[in-house]
Amino acid sequence: MRIAVLSDIHGNHLALEACLREAQRLGVERYLFLGDYVSDCAFPRKTLEVLETLSQQAPCVFLRGNREEYLLAHRAGGESHWCPGSESGSLWYTYREMTPADLDWMAGLPNRQRVELPGFPPMLLCHGNPEKTSGTFKADAPETAELLQGIAEPVVLRGHTHLQDVFIRAGEQVINPGAAGTPKWMGGRGCFAVLESGEGRFEVRLVQAAYDAEAAVAELKTSGLSEIAPVWAAAVAVMLRTGNNFIAQALRMAHALQQEETGRDGFAEEVYWLRAAERLGLTLL
Ligand SMILES: [Fe+2]
């Protein structure tokens, strides 16, 4: 049996569809999703529709990512500062696109889950690490060994870093399928992993599926996202085209510039985002 593992779609329904087509071509029968379904790309409901259709056709497991946690925190009255602009406009837009049923679905998702399937080693699924959706799980970090010691399952599936990798530490195999929607250092590709078992073997294949990144960039404009969060959308476009993480770079620079000039930390005003874009050579859409 072959299983596909997908994480970090971030609303890129075009990349998701390409990944699913490739998974079907490879004979995948089941799907495991590690969270961060929406936010960053345009028309996030399209991603949820694709997932809903898939879950009617094949067995699927869905976990919650940190982006779903943000949206739920906003609904609960937290993160109330979201507004148009590059600082939080992408989340503001995404939240407005969600239906109450979408948010209820996210609220019902687990943060971690053990999955046992015939012929496969028991697997623990999480988004960042088993303790925290936005936690990290670095191969060589001392805390990774500590985290792994408390895990009974021999295989851990996790996402969040947007990088495909597989490592073995303390007898545990840790697999990251990369990002289906916004992979790092991979333009015009959606990433996922295929797990295969049979006759005592367990194999992991890291897969990349080509899709039309320009079509996803065009949707940043037609959705209005490029007007709501101009610098953020421009940085997402670079990410989609090249995999270069300008999102994090622009965010850090906007905050640093505001801090330098005003001493104020936290929420950066648009003027600092625009200056950050200029310094990074980021062209608005
Ligand atoms: Fe994430």
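Buried residues are those under 20% relative accessible area, with exposed meaning over 50% and partly exposed in between (1.4 Å probe, protein chains only). The views show a predicted model, in which local features need pLDDT of at least 70, side-chain atom pairs count only at pLDDT 80 or more, and totals for chains, interfaces and linings use all residues. Residues are numbered from 1 along each chain as its sequence is written, and side-chain values use heavy atoms, with hydrogens and water left out.

**View A. The iron site.** Asp36 (OD), Asn66 (OD1), His127 (NE2) and His160 (ND1) coordinate the iron ion at 2.0 to 2.3 Å; donors are N, O and S atoms within 2.8 Å of the metal (3.2 Å for Na, K and Ca), and sites may look incomplete because water is not among the atoms. Asn66 and His127 are both buried.

**View B. The open sheet.** Strands (DSSP runs of E, at least two residues) and helices (H or I, at least four) are numbered from the N terminus. Five strands follow the order β3-β2-β1-β9-β10 with mixed pairing, where pairing requires at least two DSSP bridges between two strands. The edge strands, β3 (60-62) and β10 (201-210), each pair on one side only.

**View C. Strands β1 and β2.** Strand β1 (residues 2-6) pairs with β2 (residues 30-33) in the parallel sense over 4 bridges. Leu6 stands opposite Phe33 in β2.

**View D. Helices α9 and α10.** Contact here means heavy atoms within 4.5 Å. Among the contacting residues are Trp232 and Met239 of α9, and Phe246 and Leu251 of α10. The contact comprises 10 nonpolar residues, no polar and no charged, where Ala, Val, Leu, Ile, Met, Phe, Trp, Tyr, Cys and Pro count as nonpolar, Asp, Glu, Lys and Arg as charged, and the others, Gly among them, as polar.
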